Amino acid sequence: MYTLVTLRSVPDFAVGYVRDLRARWALEEAGQPYSVQTIGPEDQMSSTYRQQQPFGQVPVLLDGDQPIFESGAILRHLGDQLGLMPTGARERQLAEMWLYAALNSVEPYFGAFAELDVFHAGEAWVEARRPGLEAMAKRRLGDLEAWLSGSDYLAGTFSVADIMMSTVLRLLDSSGLLEQFPAVSAYQARCMDRPAYARAVAAQVALYAPKQAAA
Ligand SMILES: N[C@@H](CCC(=O)N[C@@H](CS)C(=O)NCC(=O)O)C(=O)O
């Protein structure tokens, strides 16, 4: 039995974007039931939780009583368990490389660009930093465009690497940048058209909906 540990409460802008979405999506792809355990700031600070997630963050996946932290490690684990890794040796290796690449070579740049407006709007340094971060984000999008041209997915068939990359691409949702890269945009749409993606987003939104309704 899987239990997904996530935050009890998040700011409105984060609803639908909390990284537990990656695990939810994988679980939904396989039709795998899971339960959700929510935590608050006091849990995040506790030594008990830090044994499960050393940085006090979410998500954590409990596979039985075995905790797994880092969304990439969770997807890698679920990829094998739920049949969301390609079957061929080279394709499996490609999926693994793209999983790391999404987290290490792409997410930091998209995240830094998105944070300008989410966390630093109006701060004096933002407009000076924007062109450099935008250029770097576009460089990575261009690289992805080249890889994806003529391919439906990163490693042949749909895999956890695509769950990771398409959720990383969502960091640029409101940037207007994706539209400039047709193969990336089509890839993003292809991934997000999957019914499991919609179910995963709906499940996360439903968790936070009572708070939103009360506001
Ligand atoms: N590299 C981590 C990042 C996790 C992360 O940033 N989690 C956010 C939610 S999306 C979080 O826990 N924020 C609360 C905090 O950092 O205290 C992963 O991919 O699992």
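Predicted model: local features only at pLDDT ≥ 70, side-chain atom pairs only at ≥ 80, totals over all residues.
After helix 4 comes G83, a residue whose phi is positive, near 75°.

The protein chain is divided into domain 1, made of 2-83 + 196-214, and domain 2, made of 89-194. Between the C-alpha centres of domain 1 and domain 2 there is a distance of 21 Å, and the contact takes 13 residues from domain 1 and twelve residues from domain 2.

Which helices each supply at least two residues of the side of domain 1 that touches domain 2? They are helix 1, helix 4 and helix 9 (195-214), and of the elements on this side helix 4 gives the most, with five residues. By class, the residues on the side of domain 1 that touches domain 2 divide into nine nonpolar, two polar and two charged.

On the side of helix 1 the contact is made by L21, R22, W25 and A26, and on the side of helix 7 by V160, I163, M164 and T167. The residues of this contact of helix 1 with helix 7 divide into six nonpolar, one polar and one charged.

## Helix 5 against helix 6

A second pair of helices is formed by helix 5 (residues 89-118) and helix 6 (residues 126-148), whose axes come within 9 Å and cross at roughly 145°. Is the crossing of helix 5 and helix 6 left-handed or right-handed? Helix 5 passes helix 6 in a left-handed crossing.

Helix 5 brings V106, Y109, F110, A112, F113 and L116 to this meeting, while helix 6 brings V126, R129, R130, L133, E134, M136, A137 and R140. By class, the contact of helix 5 with helix 6 has ten nonpolar, no polar and four charged residues.

## Y34 in strand 2

Y34 is found in strand 2, which covers residues 34-39. Why does Y34 count as partly exposed? Y34 is placed in that class because it has 16 C-beta neighbours inside 10 Å, whereas a residue would need 20 or more to be buried and 12 or fewer to be exposed.

When residues up to four places away in sequence are not counted, Y34 touches Y2, T3, L4 and L27. Y34 and R24 are ten residues apart in sequence, and from C-alpha to C-alpha they are 8.5 Å apart in space.

## Around the ligand

The ligand is surrounded by V18, R19, Q44, G56, Q57, V58, P59, E70 and S71. By class, this shell around the ligand has three nonpolar, four polar and two charged residues.

Definitions and conventions
Residues numbered from 1 in each chain as written. Near = placed C-beta within 6 Å. Nonpolar A, V, L, I, M, F, W, Y, C, P; charged D, E, K, R; others polar. Helix = DSSP H or I, 4+ residues; strand = E, 2+ residues; numbered from the N terminus. Contact = placed C-beta atoms within 7 Å. Axes fitted to C-alpha atoms, helices over the stretch in contact; angles between N-to-C directions. Left-handed = near helix turned anticlockwise from the far one by under 90°. Domains from an automatic or database assignment.
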